[in-house]
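Here is a short tour of a protein model, written to be read with the structure open beside it.

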Amino acid sequence: MRDGEDGAQWVTSHPVAHVVGGRGEAFDDAWDGVEAVIRLDAAQFSEEALHGLDAFSHLKVVFHFDRVPVDEVETGARHPRGNEDWPLVGIFAQRGRNRPNRLGVSRCRLHRVDGLDLRVSGLDAVAGTPVLDIKPYMTEFGPRGELRQPDWATEIMREYY
């Protein structure tokens, strides 16, 4: 971490892995059937870093939307997917990729661990995407209590996976 001119702290992250295979380009729907590999960086990690991960069925993956140009980052409100039938909502009230810091978080199915490779499906990140962190998905970290979301969010996600 370092301090910025305004006194805010800057955070620097380095990829722990990259996405191999899967889609070459991002588009919004049908991610569930997409298979890919999350390949750990062999210069930083050994297979030991993945010991025990194969006991989990799903992962939480944090990645960088590295293909989003900085000048396309949204900091205000927009219509999700540019669809004016949906309400104007702030960038933090939606999951679009044009976010400040360009961070994505995804839940995907882990099929197997193969050396430094994690074979997954349903990861909504494209080939070459830098992966910043990988965590096992644990039921207890899922939502507690009743969930609510607006109708437009249900509609937008209907064909996503």
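## A loop residue with positive phi

R81 sits in the loop that links β6 (77-78) to β7 (89-90). The model you are looking at is predicted. In it, the phi angle of R81 is near 55°, a positive value in a residue that is not glycine. Most residues other than glycine have a negative phi, which makes this spot worth a look on screen. R81 counts as partly exposed because its relative accessibility is 33%, and the range for that class lies between 20% and 50%.

## The loop between β7 and β8

Next comes the loop between β7 and β8 (103-114), where R102 is found. R102 has a phi near 50°, again a positive value in a residue other than glycine. Is R102 buried or exposed? With a relative accessibility of 17%, R102 counts as buried, since the cut-off for that class is under 20%.

Q94 belongs to the loop between β7 and β8 too. Its relative accessibility is 7%, so Q94 counts as buried. Which residues does Q94 touch, leaving aside those up to four places away in sequence? They are R78, P80, V89, R99 and W152. With R78 there is also a polar contact between the side chains, at 2.9 Å from Q94.

## The barrel

Now for the strands. Six of them form a closed barrel, in the order β3-β4-β9-β8-β5-β10, with antiparallel pairing. From one strand to the next, the twist averages 45°.

One of the pairings joins β4 (residues 35-40) and β9 (residues 117-121), which run antiparallel and are held together by five bridges.

## V37 in strand β4

Strand β4 also contains V37. V37 is buried because its relative accessible area is 9%, and the limit for buried is under 20%.

What does V37 touch, not counting residues up to four places away in sequence? The list holds H18, V19 and V20, together with D117, L118 and R119. Among these, D117, L118 and R119 fall within the residue range 117-121 of strand β9.

Note on methods: Residues are numbered from 1 along each chain as its sequence is written. This is a predicted model: local features need pLDDT of at least 70, side-chain atom pairs count only at pLDDT 80 or more; totals for chains, interfaces and linings use all residues. Side-chain values use heavy atoms; hydrogens and water are left out. Two strands pair if DSSP finds at least two bridges between them. Helices (H or I, at least four residues) and strands (E, at least two) are DSSP runs, numbered from the N terminus. Axes are lines fitted to C-alpha atoms, for helices over the stretch in contact, and angles run from 0 to 180 degrees between N-to-C directions. Buried means under 20% relative accessible area, exposed over 50%, partly exposed in between (1.4 Å probe, protein chains only). Contact means heavy atoms within 4.5 Å. A polar contact is a pair of N or O atoms within 3.5 Å; within protein, one must be able to donate a hydrogen and the other to accept it, and residues adjacent in sequence count only if both atoms are side-chain atoms.
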